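User: I have not looked at this one before. Can you walk me through it if I ask as I go?
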Amino acid sequence: MANHSHRFTVTDLMAAASNALLEGGYRQVTRRFEDWDSATSRLFEDSYNIVGIVIFDTCSELLQSWPDLQGSLVEVISRHVGREESKAWDGYLVLLSPGLASSESAAIEAVRYNTTRLRKLVATGDDLRTSTDVERVLRALLPLGEERTGLDQQSALDLLPKLLADRGIAKDTTQIIVDAFREQAPLMERLHQKREKQ
């Protein structure tokens, strides 16, 4: 079976990453940072983070350039963000390439887990096939979506009886324990009371 997945261009990747951050509440920073306002690099911020995104044609370029880019972003943060601001300590360098890592995968992995000076989010053509993949890479920087938080004000305790019922545990038994927990009543005593009533 042939793999017909779409291969991103540098422009596609920048558009997808920028769009994901803008929709996530970030704003692009363009003033005074010409080095971070190009076709292959952008700077974003929100109330909590500063994010520098750089797109490379190849993984070799990524591996060769990331240390200098990290230094540049650290300099931007140290010069323009006050030490008392929480985001002074939350800088992210996002390194993306549509190129396949192949023989460079170990080196790419080493950059991904390098947390000195800045956190790095790294993805290559091996990881990036759709715009959803780009959002997945940036997920740590994005607010939780409504589909993940929209539990109609239910807590985990509200969901527990049904979840355990799906595993074969009687829903009414679990509900008694949940209710007792909420009331801070003895759990086993409530279970025994239920058995006595049956």
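User: How many bridges join S3 to strand S4, and which way do they run?
Analyst: This is a predicted model. In it, S3 and S4 (residues 91–96) run parallel and are joined by six bridges.

User: Which residue in S4 is the bridge partner of Val-51?
Analyst: Tyr-92 is the partner of Val-51. Ile-50 has its S4 bridge partner in Gly-91.

User: What about S2, in what sense does it pair with S3?
Analyst: Strand S2 (residues 41–45) pairs with S3 in the antiparallel sense, over five bridges. The two form a hairpin, with four residues between them.

User: Which residue stands opposite Ile-50 there?
Analyst: Glu-45 does. Ile-50 also has the partner Gly-91 in S4.

User: Is S3 mostly covered or mostly open?
Analyst: Strand S3 (residues 50–55) is mostly covered, with six of its six residues buried. Ile-50, Gly-52 and Val-54 are buried on one side, and Val-51, Ile-53 and Ile-55 are buried on the other.

User: What order do the strands of the sheet have?
Analyst: The order is S1-S2-S3-S4-S5, in an open sheet of five strands with mixed pairing.

User: Why is one side of S1 and of S5 left without a neighbour in the sheet?
Analyst: Strand S1 (27–28) and strand S5 (119–123) stand at the edges and each has a single partner strand, so there is no neighbour in the sheet on one side of each.

User: Which strands does helix H2 touch?
Analyst: Helix H2 (residues 59–80) packs on the sheet and touches S2, S3, S4 and S5. The direction of H2 makes about 155 degrees with that of S4.

User: And where does H3 lie?
Analyst: Helix H3 (residues 105–112) lies across S4 and S5, and runs at about 150 degrees to S5.

User: Changing topic. How many residues has H7, and what does it reach from first C-alpha to last?
Analyst: Helix H7 (residues 171–183) has 13 residues and reaches 18 Å between those two atoms. That is close to the 18 Å expected at 1.5 Å a residue.

User: Which residues of H7 are buried?
Analyst: The buried ones are Thr-174, Ile-176, Val-178 and Ala-180.

User: What covers them?
Analyst: The cover over the buried residues of H7 includes helix H6 (156–165) and helix H8 (187–197).

User: Last one: what follows H7?
Analyst: Gln-184 follows H7, and the phi of Gln-184 is positive, near 55 degrees.

Methods. Residues are numbered from 1 along each chain as its sequence is written. This is a predicted model: local features need pLDDT of at least 70, side-chain atom pairs count only at pLDDT 80 or more; totals for chains, interfaces and linings use all residues. Side-chain values use heavy atoms; hydrogens and water are left out. The expected span of a helix is 1.5 Å times one less than its number of residues. Buried means under 20% relative accessible area, exposed over 50%, partly exposed in between (1.4 Å probe, protein chains only). Contact means heavy atoms within 4.5 Å. Two strands pair if DSSP finds at least two bridges between them. Axes are lines fitted to C-alpha atoms, for helices over the stretch in contact, and angles run from 0 to 180 degrees between N-to-C directions.
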